[in-house]
Amino acid sequence: MHKESIMQPICDRELHEECGVFGVVGVPDAANLTYYGLHSLQHRGQEGCGIVSVSKEGAMRRVRGEGLVTEVFNEAKLANLAGDMAIGHVRYSTAGGGGTENIQPFLFHHNTGDFALAHNGNIVNADLLRNYLENKGSLFQSTSDSEVFAHLIKKEVRNHNRPRIYSIIEALNMLEGAFAFLVMTANRIYACRDKHGLRPLSIGKLGDGYVVSSETCAFEVVGAEFVRDVEPGEIVTIDRHGIRSSDYSMFKRHMMCAMEYIYFARPDSDIEGRNVHAFRKESGRLLYKEAPADADIVVGVPDSSLSAAMGYAEASGLPYEMGLIKNKYIGRTFIQPSQSMREKGVRMKLSSVSGIVSGQRVVLIDDSIVRGTTSRRIVRLLREAGATEVHVRIASPPFKNPCFYGVDTSTYEELLCARMSVPEACEYIGADSLAYLSPDALLKAGNRCELCMACFTGNYPTSLYGTIEEANKKEKC
C-alpha cells in the first residue's frame, strides 16, 4: 500500500465497507424491487453492482456491471429479469480486488441445480480454503473470497440428493470471518450470518413475500415492514412456505462491527434494535462529557459526523453550525491527472463557510481519523476561512489496528494512530487540541454489552490465519 500524498483528494479519506446485499422472495417484479433496494444501499459500495432473478420456469438470469446502480441498470435490462425472486449486490472491492469477474451476485450452474450467491464481509481463512479446494479440483472464476463459499457447498460428490441446506451448513462451519450471505436457488433464498454477528442482515415483510437487506433503511424505500434480524450463527430459509430458522453454530456472539454504527450505515437504519442516528447523537453527547472544549461553535464533517456533532452541541450548549458543505454531485476527483486539478477537486468535494467560521473558535466533530491526511486538509480549510482555533473531537477511539473483516484498512502503515501518539497526531493535523471517544462510551451509546472494536483495541474476535503477520510484513516493506 502506497503512502498517501498530502495533495490526494478528500474522497480518498473515506473508509469503504465491502458491500451490501438485498433479496426478494414472493413479490412480483422482484428485480425492480431489488433495484430500489440496492439504490438505498449504494453507500455500501459504488464500484459495481448486479442482480440475479429467477423466472417462473426456474431459470436464472443475471445483469451486472461496473458503476453505480443507476449506471448499470435501465428499464430494458430490468425487463429481462422477470420473476418474483431475486438477489442483488453493491460492491466496493477489498479482498480479491476489482474487475467485472468479481462483481456479484455470482451465478453457478450445476447438475444438482443452479444457484446464485451474494456476500457482505470478508472470509479470513479464504486463502487456506482456496488452496484446499484447488487441490480437490476446483477451478475459480474470480479472485473474490466469496466464491470460496460456493465451492465449499459443492465440494462433495456424495449426498447430492439431500436438501441443500445440509451442504450450506457444512460449508458455513468451514468459514472464519465476517459474512452475511444470500444464497438463492430456484425455489428459495437462504440468508446466513456469521456466528460472531459482525455484519448486519435483516428480514422484512412485503405483501405475501419477504425482503432481506444489509440495512433496514431499504425497507422504508420498498414499503416493507421490519420483521427481525438474522441472528448470528443462523440460516433463515425463505420461500413460498414462509420463513424457517436453522442454527449452523451454537457458538453465538453479538460482535457487531462498531464502524457500522460510527460510519458505514445510513442514519435511518436500525442495527440490532438501535437506530444509527440515535447512536451517533448519543456518542456526541458522551464525547462532550469526556472531552469538552472551550469554543464558540460546533461543526460536523459531512455526512456521517453530523449526528455526533448535534449531540456534542446539545450537551455543550454551544450552537451547532453548518461550517462545512459537501457537494453531493462531485465526480470521482481522484482520477484528475494533475496536482492543481486534484486540489480543485478537493475544494469542490468539501468547502468551508467563511461567514460562519470566521473569527470563531471551532469544535470540529469527525467520526474517525484513519490516515490523517483529510483531517489535516479540513483543519486547514477552516483556518483559511478565518477560524481562530480548531479543536478536533473524534466520535470513536483511535484507529490503531487494521481490519480484516471487510473494511479497506489492512496494514498498520496506513493508520495515523498506529504510528503516532495523540499529541503527535494533533500536531500533524494542525489542530489546537485533539481528543477521542473511549471504547466504553461506544458500548454505552449503543446500549450494548459487546461490539467488535478490533480496529481500536486490537482484540480480534476470530482467528486471523496469518493475516496479521501479512499486515506486519507490509508495514516493513
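1. How many helices and strands are there in the protein? There are 18 helices and 22 strands, where helices (H or I, at least four residues) and strands (E, at least two) are DSSP runs numbered from the N terminus. This is a predicted model, in which local features need pLDDT of at least 70 and side-chain atom pairs count only at pLDDT 80 or more, while totals for chains, interfaces and linings use all residues. Residues are numbered from 1 along each chain as its sequence is written, and side-chain values use heavy atoms, with hydrogens and water left out.

2. On the overall fold, 58% of the 477 residues of the protein count as buried, buried being under 20% relative accessible area, exposed over 50% and partly exposed in between, with a 1.4 Å probe and protein chains only. Among contacts (heavy atoms within 4.5 Å) with a separation of 6 or more, 70% come from residues 24 or more positions apart. The protein exposes about 19,200 Å², of which carbon and sulfur atoms supply 49%; accessible areas come from the Shrake-Rupley method with a 1.4 Å probe, and for residues only the protein chains shown count as cover.

3. The unreviewed UniProt entry carries the annotation "binding site" for Cys257, Cys403, Cys452 and Cys455. These residues span 199 residues in sequence, yet no two of their C-alpha atoms are more than 10.3 Å apart, so they gather at one spot. UniProt positions are given in the numbering used here, feature names are shortened, and annotations may be inferred rather than shown by experiment.

4. Cysteine 403 lies in the loop between β21 (389–394) and α14 (416–419) and counts as buried because its relative accessibility is 12%. Cysteine 455 is found in helix α17 (residues 454–457) and is likewise buried, with a relative accessible area of 7%. Setting aside neighbours within four places in sequence, cysteine 455 is in contact with Met259, Pro398, Phe399, Lys400 and Asn401.

5. The structure holds 19 salt bridges, each defined as a side-chain nitrogen of Lys or Arg within 4 Å of a carboxyl oxygen of Asp or Glu. In one of them, arginine 199 pairs with glutamate 260, the closest N and O atoms being 3.4 Å apart. Arginine 199 lies in the loop between β8 (189–193) and β9 (202–206) and glutamate 260 in helix α8 (residues 258–264), so the pair ties together parts that are 61 residues apart in sequence. Arginine 199 is buried at a relative accessible area of 0%, and glutamate 260 is buried with a value of 0%.

6. Arginine 361 takes part in a salt bridge with aspartate 296 (2.9 Å, N to O). Because arginine 361 lies in strand β20 and aspartate 296 in the loop between α9 and β16, the pair ties together parts that are 65 residues apart in sequence. Arginine 361 also forms a salt bridge with aspartate 294, with the closest N and O atoms 3.3 Å apart. Aspartate 294 is exposed, with a relative accessible area of 59%, whereas arginine 361 is partly exposed at 24%.

7. A search of the whole structure finds twelve aromatic pairs, that is, rings of Phe, Tyr and Trp (its six-membered ring) whose centres lie within 6.5 Å, with planes under 30 degrees apart counted as stacked, over 60 as edge-to-face and the rest as tilted. Tyrosine 263 and phenylalanine 264 form an edge-to-face pair, 5.5 Å centre to centre with 80° between the planes, and both residues are buried.
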